[in-house]
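Student: I have a model open and would like to work through its packing. Can we go step by step?

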Amino acid sequence: MNLIDCYHNISKLLNFDDNGAFEARVILNHLLSLSYPFKDRILTDEELKRINDLVNKRREGYPLQYLISNWDFYDMNFIIGKGVLIPRPETEMIVDYVLNVYDKNESLTIADLCSGSGCIGMSLAKHLPNSKIYLIENSEEALPYIYKNIDKHNLSNVEVINTDLFNFDFDLINEKLDLIVSNPPYVPTAEISHLQKEVSYEPECALDGGADGLDFYKVFAKDWTKQLNNGLFILECGENQAYKIVDIFKDKYREYKILKDFNNIDRIVIFRI
């Protein structure tokens, strides 16, 4: 089979979410190191086997991002896999907001809670080179991805802390923070089994926010607001959660702001503590 015919076949097979052509390009580039538009040629039997194996996995609902083991976030590319949440465009809003508020030359002390792949904290580390970023993550599965991404992007202004946020020893930081950012687990436990098939491959610990989806926000308000020095607490949240989180943080903030995502959903809650 030639390459162009293969590309069109993959596009049709993967068009279940109207992104077939895009996914076909991503897969062929990943497997064959080709850039689009493709220059036609005959594919080898080995190449076709590799393509078919990957396409079949994708058709079963396995996430494209895990299949190619990396994904873009903001202006960086991150190594990812089943141990971490897949970076999503709406989460980039956190980085955008921070970089619009702070000058790139500022020296800030920042904590990225529930760091996962490290995409939020490392994006800030790249653009705020004089700042110190703590990447705090409890999952042992996520840690290898964090360290791989630190090495990939050659970041020297980050520090990884592998511990539980619910019983955090603040001596591990031992300084006040100027900024806290987080995309914590926020799916109510009962809803996890009803999520779309692709999401079911992502780690449950990165999704499950407890019975009401708000467990992490409660501990943030109780323990972590004390660590901010007239700073910002910026949080991603699920649909219909933003004002519940504002209520959780009552008496903790001076002011707050809520940002809507591309689908007009309240997605980012910003507190001045």
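Student: Which residues does Leu 179 touch, not counting residues up to four places away in sequence?

Tutor: Keep in mind that this is a predicted model. Leu 179 is among the residues with the most contacts inside the largest nonpolar core. Set aside residues up to four places away in sequence, and Leu 179 touches Val 98, Tyr 102, Thr 109, Ile 110, Ala 111, Leu 124, Leu 228, Leu 232 and Ile 234.

Student: Is Thr 109 buried or exposed?

Tutor: Thr 109 is found in strand β3, residues 109-113. Beyond its neighbours within four places in sequence, its contacts include Lys 132, Tyr 134, Glu 175 and Leu 179. The cut-off for buried is under 20% relative accessible area. Thr 109 has 11%, so it is buried.

Student: Where around the axis of α1 do its buried residues lie?

Tutor: Helix α1 spans residues 3-13, and its buried residues are Leu 3, Cys 6, Tyr 7, Ile 10 and Ser 11. They cover an arc of only 135 degrees around the axis, so they lie on the same side of α1. An α-helix has 3.6 residues a turn, so residues three or four places apart point the same way. What covers the buried residues of α1 includes α2 and α3, and their place is the same side of α1.

Student: Which residue stands opposite Phe 73 in β2?

Tutor: Strand β1 has a covered face, Trp 71 and Phe 73, and an uncovered one, Asn 70 and Asp 72. β1 and β2 pair in the antiparallel sense over four bridges. The hairpin has two residues between the strands, and Tyr 74 takes a positive phi near 55 degrees. Opposite Phe 73 stands Met 76.

Student: With which side chain does that of Asp 223 make a polar contact?

Tutor: Asp 223 lies in helix α9, residues 215-224. Its relative accessible area is 14%, so Asp 223 is buried. At 3.1 Å, the side chain of Asp 223 makes a polar contact with that of Lys 222.

Terms used: Residues numbered from 1 in each chain as written. Predicted model: local features only at pLDDT ≥ 70, side-chain atom pairs only at ≥ 80, totals over all residues. Heavy atoms only, no water. Buried < 20%, exposed > 50% of the residue type's maximum accessible area, 1.4 Å probe, protein only. Polar contact = N/O pair within 3.5 Å; in protein donor to acceptor, adjacent residues only side chain to side chain. Pairing = 2+ DSSP bridges. Arc of directions from axis to C-beta. Contact = heavy atoms within 4.5 Å. Core = buried A, V, L, I, M, F, W, Y, C linked by side-chain atoms within 4.5 Å.
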